[in-house]
Amino acid sequence: MSLDNLISNWSKLRVRRPQVDQYKDSPYKWAMVIDLDSCTGCNACTTACYAENNLPVVGKKRFLEGQAMHWLRIERYWGEGEESTQEFPEQGAAFLPMMCQQCESAPCEIVCPVGATHHTPDGLNSQVYNRCIGSRYCSANCPYKVRYFNWYNYPESAWPSPLELQLSPDVTVRSKGVMEKCTFCVQRLTEAKSKARTEKRNVQDGEVVTACAQACPTSAIHFGNIADSSSTVAKMWKAQQVELSADKQKKDMKHEKMPAASEVASGVGASVEAEKLRGYRVFEELRTYPSVVYLERIRSGEV
Amino acid sequence: MSTVVEELDSIGERRFEPKAKDINEDIAWAKINTDVLRSLERPRPIFWVIFLSAVALFGVGVACEIYQYKTGLGVAELRNPHVWGLYISTFIFWIGMSHSGTLLSAILHIMHADWRKPIYRFAEAMTTFSLMTAGLFVLVHLGRVWQFYYVVAYPNERWTWPNFSSPLVWDATAIGSYLTTSVIFLYFGMIPDLAICRDSATGFRRTFYRLLSVGWQGTDRQWSNFRITYLTIACLLIPLAVSVHSIVATDFAVSQQPGWHTTSFPPYFVAGALYSGCAAIITLFIILRHTFRFEEYMTIPILEKLCKLTFAISMVWTYLNLIEYASTWYGTDVYAKQALIYRATGIYRYWWWAMNFLGSVVPFALAFKALRTHVPTMMVVSLLLNLGMWIERFMIVTPTFAHGYYPWTWSDVWWPNWIQIGIVAGSFGWFTLLFMLFCKIFPSVSMYEVKEMVYHRIRARK
Amino acid sequence: MIRFGMTANSVASGVNRRDFLNLVGLGGTASVLAGCGNTSIESGVELVQSYVQPETFVVPGVGVYYASTCTQCGSACGIMGKVREGRILKLEGNPQSAISGGKICGLGQAGIQGHYSPDRLKTPMLKENGVLKATTWEKAMSLLSGTVSFTAQGPRRVVLTGPTSGHLQILLKAMPQSGAATDHVVYDSLSTAVAASVNLKMFGVEQTVGLIDKAGLVLSFGNDFLGAGDSPVAAARQYARFRKAERRGILIQIEPKMTLTGANADRWVVIAPGTEGVLALGLVRELLQRKEFANNLSPNLIAAVEPYNQTEVSHITGVRGDLIPRIAATLWEHSPSLVLAGRYPQGHAHGSHNMAAIALLNVVLQNQGKTLWREAELPFPQMAPALGNFKSLRQLNTQMAAGDVGSMLIYGTNPVYSTPDFMRFADNLQKVPFKAAWVTELDETAMHCDLVLPLMSPLEDFGTHVAAAQSDGMEISIQQPLMEKLHPEARSFGDSLLELLKQAKPESYKSFPDYYAYLKSAVVNAKPAFDPKVEDEEFWENTLSAGVLRRPAALLPLPAIEFSADLVRQPLRESRDAAYPFVLIPAVRPSMRDGKAANLSWLQESPDPLTTVVWDSWAEIHPSTAKQLQVNEGDVLVIKSAQGSIRAKAYLIPGIHPGSVAVPIGQGHESYGRYATNVGVNPFKILDPIFDEETGELALYATRVAIMKTDQNERFTKDEGATNLQQGRKLVATLAADQVDLAKETPFVIR
């Protein structure tokens, strides 16, 4: 970026995210919808992520030390509050696939000293390995704790020959000292975009999906471009009345009275209404404006 | 600050006894030179023992760092979510230590508190060396230290800049400026004394001091330029000192994490910094007084003033600490409240209670004249206070990682391992060896300012 | 003429690389066009400027997808492999396969790691003085040939394999027929033979097809169809449709230890192990009180269920009494329902009776013809899968102990690992004078063999597979190599079989130079059943590129069968053995199965869904049991049965019956590559010799154990942090089903 460029595009560079209709005129804004009612917690997506993104297997000792490198993890909860209340989990377990939420106003981006993590024009929270100096400030500030640091030089040990032949040439094999995280399979997006560009069109809905979405046996993970209002994911966002640039959704204000702090802490939540929409974003109230909408799990209380 | 001290001073004077003198005002100027220059003579064997121990300790740190550098930060058992560990805690500790040198040399200087004069020199040296130590931690902590210069806004053909919205960039800038200014201030304030050294040294030492004293002759013109420059740097240094620790505080306050995201952090950090710095000065004061037989310069009344100052700052710190607890407890941020409760009841609870005890209760020892004039007690108390302040930094950093927003990554098992402890120990070795070298090469008591002090006091008496 | 396949001769000359790529390239082009939505070769040619002259059909930088079939479990999912610069990089589901529908599970994904495994066997190995040493194929083949002709070694010459299907199954069947062997034994340590026998008695077929997506309610007795089931991807796809139906389907899971499926249930009911049949009969009795169902059973059956009243059932099973009429009511209200039975009820001495009692629910509810069917006719019944069982291995074991077995050829199974200690299988194997194993990695069984032969990985080999109980038409899945052989000495098992068959019966097999030629001619011969109009070559290429041979076919109704009330008879309540107060549940992990996948590091590091533990074995106990035993998480327990003991760390989990302890199967390998060896323990080893009374299958869940606490405590290697609760954060929110209207949501795209 030359100085001239910097000065002439200052207002664009200083854009406050998110804004209403921010992506109205841009071709892409990648986003997800994850249906927690369909998610069975089977781990197909996490393995697909290992395969697609050259994630190293760290081994027992390093996993024990909390140095696992799973960009996408499946969490399993037994309850919502602070205390376990049931003797047996009568409604099963609650599974949550958690990966980088590609926040529009990402806490990691503002604190990275070197700008190694920044926002791309198509709404991704990118990570530039070459630029990263490994201060780990981004991870410290991530509310979701979905950033993974290369504590060791994994290429030395993770792929004993000939396992390294499996490594995708489209994805950097990260060396020690850099931060990494879910990229929404940016290599797939890049390939699809460049293909579309040579054909002088935009990427079509369904033309490209992330590895996790492609693998998911129950189609719980939906990936697409919400700048394209005709895409499935855009329709799902709309149907769920989730607005990208809102830190509290209108439908929630309509349905809930503000819960008292004590209620939030004890997991009681808000008052119950007759019918609700299922879409929500995790930690929306922190104003991170995530790009991943989760759809609430459903459990029938009939039995 | 000095008003408070003097107020406390006068209370003591009225109630108990005639005011003890800060310094023997009838001391001969030649004796001052002799006494101070004596500290630069050939050291006793015990010096070498301690010095080599410090070098060995530093060597342990270097060995750990080399291992960590070669293998990766994982060997330090840094992990998700404990991504920072002791390195950042100890970094804050050393940055905090650096503040009191500035307090004594610059703030008290422009406030004309002349009792600072015999003791500010080593405090200023402490500032510089603890900053140099703190800087090491920034490097030790980086994943790719070989590319640390990315944080500096240097011109390059790609026009890539650091991210100016990141507090780490402010940090790098502020610490860099503060270190530079501190070094200049320390050196500049020493020039008249270096000239005295030059005049009494022989051989290569004379050459060394001659080069350093840059032709100081003590002319009126030199003195007048010296005074103005010294004052100017002092004025520059004060905002820098305040900003450095405020910025270190913003490393936490700008982030969103529960327990860190607090507007009171900058003043809280500055108070904590001055607090730990003053406690460190008391420690070094006692050591130097004993080692170099500086009883006539580092007198008990000065120690008392220092103790009173420390006590005042400790109460400011306690107040800010309580404000933080109260605002979290009564506030609406449930996450922050959970984090606070975790600090008091989680696996780090003993440390949390120790920090509150050492930081807020132990300083009351300074309020009692009998205790604060008892040198061994003060040695112990000052060390305890510094321990408390080190724990404070640990308690700021670690529990938030252990118990942040995201319950899935809550961790109940993290303690620093031997690599981290080795590097932290190495930093103490590094600081000690720098400080010992300084005391043997440069006059650790400002000769010309003690003379000034004596001169002015005699004039005032008359 | 394309020559491909690994005969003894062609190994020496090596396969021409260009030929290979031509072959798969042709297959691949069409599959790309057919719809995986990725790049095509043609477009890539224009874009890439390469300085090196690439091989035919290799465009540097462009990945091409080729269809094949996953062999990680028996479900024969169609997969596609992304191939770039001659390397296979990633596996995806093949959208043309009705089984996978373009989806793939974690176990399937990790198949690629078996292919690239650093511990692959590279050369034939011959045991000399107790140590395996490298040898040549010539030597190996001459030794193998010795087994074809009768020798004085012993009367029986056995081929022991895991479950197989397709043309390999035809060749295996031909082994005893042609005299190249005397027996073909199919062994499956996790067999469903009990279910098959009960189905045969009650529905006239061994394999029934349950349509989850057609049911309004699925009542599953320990059937882990989403996890370690028979065809998890196909079931998961049905499950997704079931949940997104106009009226959202309800899943009730009844089992002693929570499975992945149980974790997704609307209502999970814990039950005392082995009492599932009692509860089923209680539900039958409850249903019979409705007039709609009252006439669905014969009088003697009605009499048989009469004693199972609410109090009695509740007393035996530990299930709350009021739950029984409520489940019965829901079964009625949400009809059509589907009642499934899984591994847990099978694994007892009265496993058959358990299964029959559960199947009786389907009969009472008249689910046949609604949600329960028989699969469509397979045009080539000889390709139908041979599902293994335990009983035949037990017989073989007796013969081995008596010295009746002269030679044994082992493929696709690892009985030394998966048989309990009481069988002394490894010792008996030593009594067999000559035993050879085909493996990709040296496993426990191979270590006990005299001759070990390097097998091509499934991604290097040709093959055909047929899944059991297909619900959507009939499909033959085609397996083709996705890349060149990594290790030149590795060969296909089909080639070796063909060599042996050629010796025994030259007239039938001499026209096939290798297994590839055999397979191709067999597939092309099947052309009339699928696409009679095209040329032979074209048909073969189309088949390779599609990866499946598909025939739409309707499911068939189940015949009505009379069965005696004796089938559903439940045993008297067992008295508790004070020395062994707990029931051991060797839990089947979706990613590990019977331990075959333990050598894949992705799966070792893939957290177990319910405990999130990786790289380890553990013992799951209920918190109340832990309290009673004063055990904390991580305390090392000794789990002792009458047959032996294992040590595992305690993991406290609410989803288990308090009288049980669950230890996962799959770990504890003594030899199976660097990732599996010396990880965890093997619960197979301490199983009691208890067998299903009707079928003779090993009762997997009937072993009783004692738990002893040791002084050791170790931290768990798990993903879960210090809490397993959401702590008031809105992470996974849950809505009651009546609070949401799924019809208002955008239609979901479910493949």
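1. Buried means under 20% relative accessible area and exposed over 50%, with partly exposed in between (1.4 Å probe, protein chains only). By that scale Trp159(B), with a relative accessible area of 33%, is partly exposed, and Trp159(B) lies in the loop between helix H6 (120-141) and helix H7 (167-200) of chain B, where helices are DSSP runs of H or I with at least four residues, numbered from the N terminus.

2. This is a predicted model, in which local features need pLDDT of at least 70 and side-chain atom pairs count only at pLDDT 80 or more, while totals for chains, interfaces and linings use all residues. Residues are numbered from 1 along each chain as its sequence is written, chains are lettered from A in the order in which they are written, and side-chain values use heavy atoms, with hydrogens and water left out.

3. The predictor gives the complex an ipTM of 0.91 and a pTM of 0.90. In chain C, pLDDT (the predictor's confidence in each residue, from 0 to 100) averages 88, and 90% of the residues score at least 70; over residues 1-41 of chain C, however, pLDDT stays under 50.

4. The whole structure holds 81 aromatic pairs over all chains, counting rings of Phe, Tyr and Trp (its six-membered ring) whose centres lie within 6.5 Å, with planes under 30 degrees apart called stacked, over 60 edge-to-face and the rest tilted. Phe148(B) and Tyr149(B) are edge-to-face, because their centres are 6.1 Å apart and their planes stand at 80 degrees; Tyr149(B) and Tyr150(B) are likewise edge-to-face, at 5.2 Å and 85 degrees. Tyr150(B) counts as buried at 13% relative accessibility.

Note on methods: Contact means heavy atoms within 4.5 Å. Helices (H or I, at least four residues) and strands (E, at least two) are DSSP runs, numbered from the N terminus.
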